Amino acid sequence: SPYVLDNIEFDVASGKLTLSGSPRLYEMLPRMEGDASTEVSGGMITILPQEDGSYQIEDVLMHDGSKLSMISSAVFVNGKILLGSPPSDGVLVCPIPGMPLASKRVQGEVRK
């Protein structure tokens, strides 16, 4: 995934890891330095381990940062996606999209 990722959670109901992330590091830097006017895009990525050792990775939801900037947490709650951010107030409650933005299968590596 070409994202800056943060806060990995395990969703028991789906068996997926949920990650928050931003696709554009260059947006994050001014915000981290205190520029509250900078809108940082971000959203949710999920990873589902497969029985054959591979992983199904999905870009589930991306937001442009206009309502909640610099997404740092993303979880499923009661049929919705909750996005959170340390420098922004509140949480963003989003519907779960019917289809992911992107999906790919990645072969895992078995280590002993």
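The model is predicted: local features need pLDDT of at least 70, side-chain atom pairs count only at pLDDT 80 or more, and totals for chains, interfaces and linings use all residues. Residues are numbered from 1 along each chain as its sequence is written, and side-chain values use heavy atoms, leaving out hydrogens and water.

**Overall make-up**

- The chain holds one helix and eight strands. Both are DSSP runs numbered from the N terminus: helices are H or I with at least four residues, strands are E with at least two.
- Along the sequence, the pattern reads β-β-α-β-β-β-β-β-β.
- Of the 112 residues, 38% are buried. Buried means under 20% relative accessible area, with a 1.4 Å probe and protein chains only.
- Take the contacts (heavy atoms within 4.5 Å) with a separation of 6 or more: residues 24 or more positions apart account for 47% of them.

**The sheet**

- Five strands form an open sheet in the order E1-E2-E3-E4-E8, with antiparallel pairing. Two strands pair if DSSP finds at least two bridges between them.
- Strand E1 (4–11) and strand E8 (102–106) are the edges, and each pairs on one side only.
- Strand E4 (residues 55–63) runs antiparallel to E8, and five bridges join them.
- Strands of a sheet pair through backbone hydrogen bonds, either parallel or antiparallel.

**The cores**

- The largest nonpolar core has ten residues, among them Met44, Val60, Leu61, Ile81 and Cys94. Such a core is a set of buried Ala, Val, Leu, Ile, Met, Phe, Trp, Tyr and Cys residues joined through side-chain atoms within 4.5 Å.
- E4, strand E6 (80–84) and strand E7 (91–95) each supply at least two residues of this core.
- A second, separate core has five residues, including Tyr3, Leu19, Ile47 and Ile57.
- Leu61 touches residues including Met44, Ile81, Leu83 and Cys94, not counting residues up to four places away in sequence.

**A loop residue: Ser72**

- Ser72 sits in the loop between E4 and strand E5 (73–77).
- Ser72 counts as buried because its relative accessibility is 10%.

Notes
Buried < 20%, exposed > 50% of the residue type's maximum accessible area, 1.4 Å probe, protein only.
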